[in-house]
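User: I would like to learn how to read a few features of a protein model. Could you take them one by one?

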Amino acid sequence: MIAEPILNAILNLFAKAAFSLSSEEQQRVHKKVLSYLKKHLGLVDVSTYIGLYQELVELHLGMGEEAESVLKSAEGIATELKTLLQESEKYVTIGYFAELTTITEATLVQQIVHLLGRTFTVEEKFTSQIILFLKNAYSPQKENNNSEIKLLMKNQLAVMRSPIAKLLFISPTAIATAPIENINNTSSFRIDGQHLEYGGCYSFRPGQVLLDKHRNALYFDNLISEFTDEKNKSGANANVALTVTFQAINVNYLFPGSKHGLHDFSCNEKGGKMIGIMGASGAGKSTLLSILNGTLKANSGEILINGHSNKSDLCDGIIGNIPQDDLLFEDLTVFENLYYAARLCMSNLSDDELKVKVNSLLTELGQLQVQHLKVGSPLDKTISGGQRKRLNIALELIRGPSILFVDEPTSGLSSNDAENVMGLLKAQTACNKLVVVVIHQPSSKIFRMFDSLWILDNGGQFIFNGPPLEALVYFRSRADIPGAEEAICENCGHTSPEQIFEIIEDKTIDQNCQLTHTRKISPEKWREIYLQYQSKSETSIPTSEKHITKKHIHRPSLWGQFKVFFTRDIVARKANKEYLLITFLEPIILAVLIALICRGVNSTGFSYTFYDNKNIHIFFFMSVMVAIFLGLSVSAEEICRDRKILKRESFLNLSWWSYINSKIFYLSLISAIQMFLYVIISNSIIEIKDFNIKSWFVLFLCGLSSAVLGLNISATFRSPITIYILIPLILIPQMILSGAVIKYESLIAKNSLKRDVPFYTNIFFSRFAYEGLIVEQYVSNKYMKDLIESDALIKQAEYELDNYIPEVQSLNKSLILLFENKNPSLSKNISLLKNEIKKIESNSKIIFSNKNFMNIDSSNFNLSFVEQIDDYLLNYRKTVFEKRKEASAQKREIENEMNDESEVLKKRYSNQLIQRLVLNIDELQPVMVTNNGIYQNILPIYLIPESPYGNAHFMASKKKLGNLIFNTYTFNMLALFTFSLLLYIFLCFRRRSLSKN
């Protein structure tokens, strides 16, 4: 197709070149114009345009223009054409006008041809070569030193390589000794059914078929190989790969519980070919592709590359896989997608060299003009579908694999885009690469691009392997179709690939002349027919010779891969403005909302003070939930979103360790920034003084733990919907068992002396975060940090004086009544009392005077023991009272040192609700008596845990780990870090599809 303004301009140039020629030469130009209109443009009715051309010739004749004037006006037309023609069309147009130099030696014609070259900014070398090429086509010389021009087919065909990739010029040659006028105008060569004329300059592109007089087919790669092979021999072309051999021997695969899959597949192919895999839906095309590229393991059989197993390290980097889906980073630009892919496999190149290579490939693929555009999603496109496909292919081409497996590259594309994509793949075979493509319904042009076809029938039956045109002949002849040998239309060069499947799936007819569902030839029968055909044409599949394969990829070090993964993530996130806005605005909004609600409305008439805030525990609880939620929300899709890209990159055998560490480092930065914003804003509203760093550290570790948990979930499940459904399942238990919603005391048996939190709550990091915030705010605020030791002694002494000692005394006196009434409970109470005396001795170092007391029981008990215990308890009471007195004096001394600031510090830095929580002063039963002893039910902050394994009661200020004692804040932070570490180790050992080793 050509636009009207372009055609008019070209006809005008033809007229300018012809008007000054002799009558005989004008007739020849007239024929050239007719040929151009009919055969080059395919016009049926050319009368209008040939009439226009003739009028222009007569107009120029009548004007009597000088050569200089003609050239000047021709330059204006050429300048206009320059803006209307694509790059390849400029070269083709010069070729059309160069044909005129074969029929005249006129200087003006030569000048117009060179003028077009200069105006189109085409190198002068090409203009001279195209003229020489056409002259040699009339007078072919056996000696030809021009590396860009070849004489093929026993000197019957001249071929010239264009500076533009995927474009050749061809022309049938004349006999040197025959006068030009005696030569038959039409040659025996045809392109897509169009006969070529002697002296004509014809463009030849991938997908076109050239037939000689014997109907032998030649394809673009056959001709281009004449040029690339020479460069292989000379070593001039570094991009041309070494020849690779690919062999499959009796490969079988069955789906579990099914007879379908792939049956006895064998092949032996070399580089330099494009092979199409065709078959009906469900025939096993994608299954075959997955087995051959190594992503699916065959049940039996062997796959060899260069004589080595495809799993061998010697085959590292040889295989490239291009899936059907466009596996691109949607937030990166076209250039960035290709650049980071290159960095993962070309560490041997400097950054500048890498950028040059990327730009070179983008130029070759026609993507340079969109290199800075963001790729976008299929639903929110920034670049076209064809550009996405080409970029998807470029991601594999950049590292130069010798074998390329491609799944449905044309799906969803227009016919023009599909042909461009297939032309791109076909061009790879010129570099000795083997390209295997799954194709569903190829057009005639695409069908002819393949060098060979593998055809599968239902159930994975392999029923044909051979050239495309041979496939048509093969199936037409087996179906007894008249003219079976006529696989290609002689007039238009059209083929009908869909006819293959019409023949394969042809149905039988019942007695009512209606089509049935039964095929005339079953898949198994087609397989049998093919084996018979193969046995006649081939003896056996030769074994490939083993040879060492050149290393194709240069992976960065583990640290290098980490930097690439991390940088790629950062660049992608920066490009997503919505993501950045939500990610960093969310903690700000939540901070303001939660802090304002928890600050409350001042209804007392007095100014707000942190000390009087009754919602501070809710604030800390919600802060922990915010950290967990944000950590999960930013990480839950990270690996799941990359899953398909990881599958593509699995062929590079990259480091899973580097990948997940880049994710964790990135998420750590996000969590740190989010929690910083949250803490700074919320703490300033609530007016929590001197607690920003500590609360940030708690929330950061909490967010990091949930982020690493989110990565584990993301690596486990394939669907984002499933992941987000799971988030409430994680959040709700964290809320319930954090210690803020349900009291742990209600989860502990009443008669148990051990008041440690239930063991199962230790797997919830919300419990460590919430407890750490509450306890640390109480013990380390500016008011309490100097008073904490004396306050602990005072309150513990008051508990013993007011609650514990009276309870033990009451227990002691009950022995008298139980003894007198011979009550069976006497033995139990004696045992309880002995336990408490032991506890008192251990804590106070005051030894009970009667050493035999520990040996008494109900059989040898007497009332004198009651008096002795009573005296011991009175003595212990005096000791406790003295300790309380000393602690009170110490506290007053500290408060006096604070002078008048004591009350101010108390209001600003401490909170009465937190004080009530950690002291549990609202408990109605300060002391509890069980069958095993008496336990303290208040002042948990001042109780020292007994467990040496880190377990403790809720709100303890210290915790033991072996012989070490940690303050709760430090211990809980270590616990949160341990959570992250364990989840990280678990993630490391998953070694998902990014790593095969």
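**Reading the model step by step**

Analyst: Arg-388 is a residue of helix H12, which covers residues 385-397. Keep in mind that this is a predicted model.

User: Is Arg-388 buried or exposed?

Analyst: The cut-off for buried is a relative accessible area under 20%. Arg-388 has 2%, so Arg-388 is buried.

User: Which residues does Arg-388 touch?

Analyst: Leaving out residues up to four places away in sequence, Arg-388 touches Asp-326, Leu-328, Val-375, Gly-376, Ser-377, Pro-378 and Ile-383.

User: How many residues are in the largest nonpolar core, and which have the most contacts inside it?

Analyst: That core has 227 residues, and those with the most contacts inside it are Phe-265, Trp-454, Ile-455, Phe-475, Phe-619, Phe-620 and Tyr-778. Helix H22 (residues 656-686) gives the most to this core, with 13 residues. Another core, of 55 residues, lies apart from it and includes Ala-17, Leu-21, Val-57 and Ile-94.

User: What does Phe-265 touch?

Analyst: Not counting residues up to four places away in sequence, the contacts of Phe-265 are Ala-248, Ile-249, Asn-250, Val-251, Leu-288, Leu-292, Trp-454 and Phe-462.

User: In which sense do strands S1 and S2 pair, and over how many bridges?

Analyst: In a regular strand the side chains alternate between the two faces of the sheet. Here S1 (residues 149-152) and S2 (residues 157-161) pair in the antiparallel sense over 4 bridges. Leu-152 has Leu-157 in S2 as its bridge partner. The two strands form a hairpin with 4 residues between them, and Met-153 in the turn has a positive phi of about 55°.

User: Which residues form a nonpolar patch on the surface?

Analyst: Ile-732, Met-735, Ile-736, Val-741, Ile-742, Leu-747, Phe-759 and Tyr-760 do, with about 690 Å² of accessible area together. Tyr-760 sits in the loop between helix H24 (720-736) and helix H25 (765-780). Its relative accessibility is 33%, so Tyr-760 counts as partly exposed.

Methods: Residues numbered from 1 in each chain as written. Predicted model: local features only at pLDDT ≥ 70, side-chain atom pairs only at ≥ 80, totals over all residues. Heavy atoms only, no water. Patch = residues over 30% accessible without salt bridge, like charges linked within 9 Å, V, L, I, M, F, W, Y side chains within 5 Å. Areas by Shrake-Rupley, 256 points an atom, 1.4 Å probe, with all protein chains shown as cover. Salt bridge = Lys/Arg side-chain N within 4 Å of Asp/Glu carboxyl O. Buried < 20%, exposed > 50% of the residue type's maximum accessible area, 1.4 Å probe, protein only. Core = buried A, V, L, I, M, F, W, Y, C linked by side-chain atoms within 4.5 Å. Contact = heavy atoms within 4.5 Å. Pairing = 2+ DSSP bridges.
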